Amino acid sequence: MLEDFGVINLWTYVIGVIFITLIPGPNSIFVLTSSAKHGVKEGYKASLGVFLGDATLIFLAFIGVASLVRTSPLFFSIVKYAGAAYLLYLGGRILYTTLIKREGHAIEETPKATKEHTFRKALLLSLTNPKTIIFYVSFFVQFVSPDYPNTAIPFFILGSILEAFSMLYLSVLIFGGATLASVFSQRYGLAKLSNGCIGTLFLAFGLKLALASS
């Protein structure tokens with residue numbers, strides 16, 4: 001039925017989206033962390049930031065920004081290193097709070113201001129990966145009929161499917177994180193270990209992005 005709207009090989013696309021969504025990344029880790037530390041409400045703030053960021057990247061991919069990212073090494077490098085620096089900052093801050101600050105404050109990774117900026121941080125995380133724009137083009141184009149006159153429609157459909165699966169997965173992470181929070185609140189050592197692992201993951205994501213080639 002969706003072939004009438006320029007979408008081909010729908011079920012192959014859906015299977016690909018499921019696998020892509022399940023791959024751990026900084027966005028999903030941040031959503032999980034936000035819900036584990038601050039509850040379901042903050043988890044959904046983070047997921048909304050990821051949702052809006054991904055939607056923006058899909059739109060940018062559609063209007064041709066992917067070509068600019070691919071052909072302009074300077075533009076690619078600016079966005080790439082900005083994203084890497086932000087990931088390294090988040091990872092370093094979590095590790096500092098967990099390992100260096102006084103034990104009585106180690107679980108409190110965030111002052112009030114950080115909690116209030118959950119949405120903004122998630123949005124920045126989602127937007128500062130130039131490879132994502134290129135990925136959306138290279139992935140979506142395989143499922144858009146070359147004979148369909150208006151590519152905006154199949155792009156919108158494919159993007160909506162991806163966002164729906166992403167939000168469903170993030171919702172699972174949010175409630176899973178809230179459940180973990182109740183466990184960690186009673187086990188200080190486990191909470192400290194978890195924070196350390198999360199900080200290390202963000203540092204790893206940042207280094208991977210910084211060292212990636214265009």
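Predicted model: local features only at pLDDT ≥ 70, side-chain atom pairs only at ≥ 80, totals over all residues.

Colleague: Okay, and which residues of α2 are buried?

Modeller: The buried ones are Ser28, Ile29, Phe30, Val31, Thr33, Ser34 and Ser35.

Colleague: What comes just after α2?

Modeller: Gly39, which takes a positive phi of about 100°.

Colleague: Zooming out a bit, how many helices and strands does the chain have?

Modeller: The chain has 10 helices and zero strands. Read from the N terminus, the order of elements is α-α-α-α-α-α-α-α-α-α.

Colleague: And how much of the chain is buried?

Modeller: Of the 214 residues, 43% are buried. The accessible surface is about 11400 Å², and carbon and sulfur atoms account for 70% of that.

Colleague: What about contacts along the sequence, how far do they reach?

Modeller: Take contacts between residues at least 6 apart in sequence: 84% of them join residues at least 24 apart.

Colleague: Is Gly177 buried or exposed?

Modeller: Gly177 counts as buried because its relative accessibility is 0%. If you leave aside neighbours within four places in sequence, Gly177 is in contact with Leu32, Ser35 and Ala36.

Colleague: Let's switch to salt bridges. How many does a search of the whole structure find?

Modeller: One. The side chains of Glu42 and Lys45 meet in it, at 3.2 Å from N to O.

Colleague: Why can side chains pair up like that?

Modeller: Side chains of opposite charge can pair when their charged atoms come close. Glu42 and Lys45 are three residues apart in helix α3, so about one helical turn separates them.

Colleague: What does being three apart do in a helix?

Modeller: An α-helix has 3.6 residues a turn, so residues three or four places apart point the same way.

Colleague: Are those two buried or exposed?

Modeller: Glu42 counts as buried, at 4% relative accessibility. Lys45 is partly exposed, with a relative accessible area of 29%.

Colleague: While we're on α3, how many residues does it have?

Modeller: It has 24 residues, and from first C-alpha to last it reaches 35 Å, close to the 34 Å expected at 1.5 Å a residue. Its buried residues include Gly43, Ala46, Gly49, Val50, Leu57 and Ile58.

Colleague: Which residues form a nonpolar patch on the surface?

Modeller: Phe59, Phe62 and Ile63, with about 290 Å² of accessible area together. Phe59 lies in α3, which covers residues 40-63. Just after α3 comes Gly64, with a positive phi of about 105°.

Colleague: Now the inside. How many residues are in the largest nonpolar core?

Modeller: There are 17, and those with the most contacts inside it are Tyr13, Ile58, Tyr136, Phe139, Phe140, Leu158 and Leu162. At least two residues each come from α1 (10-22), α3, α8 (130-140) and α9 (152-184). The most come from α9, with five residues.

Colleague: What does Phe139 touch?

Modeller: Apart from neighbours within four places in sequence, Phe139 is in contact with Tyr13, Gly16, Val17 and Ile20. There is also a second, separate core of 13 residues, which includes Val31, Ala46, Leu90 and Tyr169.

Colleague: Last one. Which residue has a positive phi although it is not a glycine?

Modeller: That's Asn9, with a positive phi of about 50°. Asn9 is in the segment before α1, and it is partly exposed, with a relative accessible area of 46%.

Definitions and conventions. Residues numbered from 1 in each chain as written. Heavy atoms only, no water. Patch = residues over 30% accessible without salt bridge, like charges linked within 9 Å, V, L, I, M, F, W, Y side chains within 5 Å. Areas by Shrake-Rupley, 256 points an atom, 1.4 Å probe, with all protein chains shown as cover. Salt bridge = Lys/Arg side-chain N within 4 Å of Asp/Glu carboxyl O. Helix = DSSP H or I, 4+ residues; strand = E, 2+ residues; numbered from the N terminus. Expected span 1.5 Å × (residues − 1). Buried < 20%, exposed > 50% of the residue type's maximum accessible area, 1.4 Å probe, protein only. Core = buried A, V, L, I, M, F, W, Y, C linked by side-chain atoms within 4.5 Å. Contact = heavy atoms within 4.5 Å.
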